[in-house]
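Hello,

Here is the structure I said I would pass on. My notes follow below it.

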Amino acid sequence: MKTFKSFLLTAFVVLTGQLSYAQTAPAPKAKGPTTEQLQMKTSAVCDMCKTRLEKAMAYEKGVQGATLDVASQVLTVSYRPDKTTPAALRTAVQRTGYDADKEVADARAYDRLPDCCKKTNAVHTDSGH
Ligand SMILES: [Cu+2]
């Protein structure tokens, strides 16, 4: 019986200790997961680029969705700011072979692009696809 009492006492001390900790500690996830949007200008030229970029972004950590507007070359990415950063997203675009804003595409990834998707292909005709 004596041991049972001391067990209760210990349990009480531990519990109150945790309670006061929970009350004083700041709640880190009070706001819950948020989504932010990032827009960047790319060197994409056609629907193939669009598919390639959107697919590549979908595999990136923290990305929830990506849409490329081919006409304006602007890629819009929805992402979790606690999982990734705009810099990491731009790097992912460069690794796919495209410019991200003022940052130039990764040379080796760019070389692997089909000719019609290269920015040196100034005259982009429909016959390319
Ligand atoms: Cu293309």
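This is a predicted model: local features need pLDDT of at least 70, side-chain atom pairs count only at pLDDT 80 or more; totals for chains, interfaces and linings use all residues.

Residues are numbered from 1 along each chain as its sequence is written.

Asp101 lies in the loop between α3 (86-96) and α4 (107-111). Helices (H or I, at least four residues) and strands (E, at least two) are DSSP runs, numbered from the N terminus. The phi of Asp101 is positive, about 55°, although Asp101 is not a glycine. Most residues other than glycine have a negative phi.

Gln73 also has a positive phi, near 65°. Gln73 sits in the loop between β2 (63-69) and β3 (74-79). It counts as partly exposed because it has 18 C-beta neighbours inside 10 Å.

Now the helix. Cys49, Leu53 and Met57 of α2 are buried. Viewed down the axis of α2, the buried residues fall within an arc of 55°, so they line one face of the helix; the arc is that of the directions from the helix axis to the C-beta atoms. Asp47, Thr51, Lys55 and Ala58 are exposed on the other side of α2. The cover over the buried residues of α2 includes β2, β3 and α3, where contact means C-beta atoms, placed from the backbone, within 7 Å.

Regards

Notes
A residue is buried if 20 or more other C-beta atoms lie within 10 Å of its own, exposed if 12 or fewer, and partly exposed in between; C-beta atoms are placed from the backbone. Two residues are in contact if their C-beta atoms, placed from the backbone, lie within 7 Å.
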